[in-house]
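Here is a short briefing for a first look. Please keep the sequence and the 3D view open while reading.

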Amino acid sequence: MYNTSLDKQSTIPRSSVFLKIDPLVFSAKFPDRCRLDLCRSRCCRFGVWVDVEERKTILLHQDLFTRYLRPEAKDPKTWFGKTEPDRDCPSGLAVETQEVAGGCAFYHPDHGCALQKGAAEGGLHEWAIKPRFCVMFPLVVSGGELTVDDDMKSLWCMKGKNRTRPLLDAIRKEVEFLFDETQRKRLFAEEEPFPILNARGHR
Ligand code: SF4
């Protein structure tokens, strides 16, 4: 279950939400560091899918971040849209964050994600109430498999010439935050990717 008592850890469970690891995860590259001046947070333009339990967490802690929203996105009724079944979500149900005036309802051009800004300013971990999908990018769980979301090729961080550093090294902090010890060991084990390749052979 989700932990809604906010502390320095995630409100998102460090659960084993994926069973398989795509070998691409071990070979993919990512930029050496984020360059918000170049990427301009274009990945926040359309909103994202979040677990319905994450919506609960966000709504429970709205006092933390509403001051950082754009005026047109202050009304909680604008924040979430339709709900759909999604077996890659721990609860089995995903809900979309809505696009409001050209960006995710939680996006602000002055400081990026209001959920991250609000948590950090409130003394919590910066990702305490941020959707897992957003912290994880470009990793994604699809059909029970952890893989790399290569669909958004127009983003600065997904262009080949900018991807110079091994992905898992570039997002080590995110992986350590999101995944339990078992999954972290699978991702960072020196002998990878061979055990995973073997496991995939038995599917
Ligand atoms: S929740 Fe935050 S990080 Fe995710 S798309 Fe919206 S503004 Fe961007």
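This is a predicted model: local features need pLDDT of at least 70, side-chain atom pairs count only at pLDDT 80 or more; totals for chains, interfaces and linings use all residues.

Residues are numbered from 1 along each chain as its sequence is written.

**Sheet**
- Helices (H or I, at least four residues) and strands (E, at least two) are DSSP runs, numbered from the N terminus.
- An open sheet has three strands in the order β3-β5-β4, with antiparallel pairing. Two strands pair if DSSP finds at least two bridges between them.
- β3 (49-51) and β4 (80-85) are the edge strands, each with a single partner, so one side of each has no neighbour in the sheet.
- On average, neighbouring strands of this sheet are turned by 35° against each other, direction ignored. Axes are lines fitted to C-alpha atoms, for helices over the stretch in contact, and angles run from 0 to 180 degrees between N-to-C directions.
- Three bridges join β3 to β5 (residues 93-97). V50 stands opposite V95 in β5.

**Helix α3**
- α3 (residues 52-60) lies across β3, β4 and β5, at about 85° to β3. Two residues are in contact if their C-beta atoms, placed from the backbone, lie within 7 Å.
- E54, R55, T57 and I58 of α3 are buried. Buried means 20 or more other C-beta atoms within 10 Å of the residue's own, exposed 12 or fewer, and partly exposed in between; C-beta atoms are placed from the backbone.
- Seen down the axis of α3, its buried residues fall within an arc of 160°, so they line one face of the helix. The arc is that of the directions from the helix axis to the C-beta atoms.
- Their cover includes β3, β4, β5, α4 (114-121) and α5 (132-136).

**Single residues**
- H108 lies in β8 (residues 107-108). H108 counts as partly exposed because it has 18 C-beta neighbours inside 10 Å.
- A101 sits in the loop between β6 (99-100) and β7 (103-104). Its phi is near 50°, a positive value in a residue other than glycine.
- F137 and P138 are joined by a cis peptide bond, with omega about 10°.
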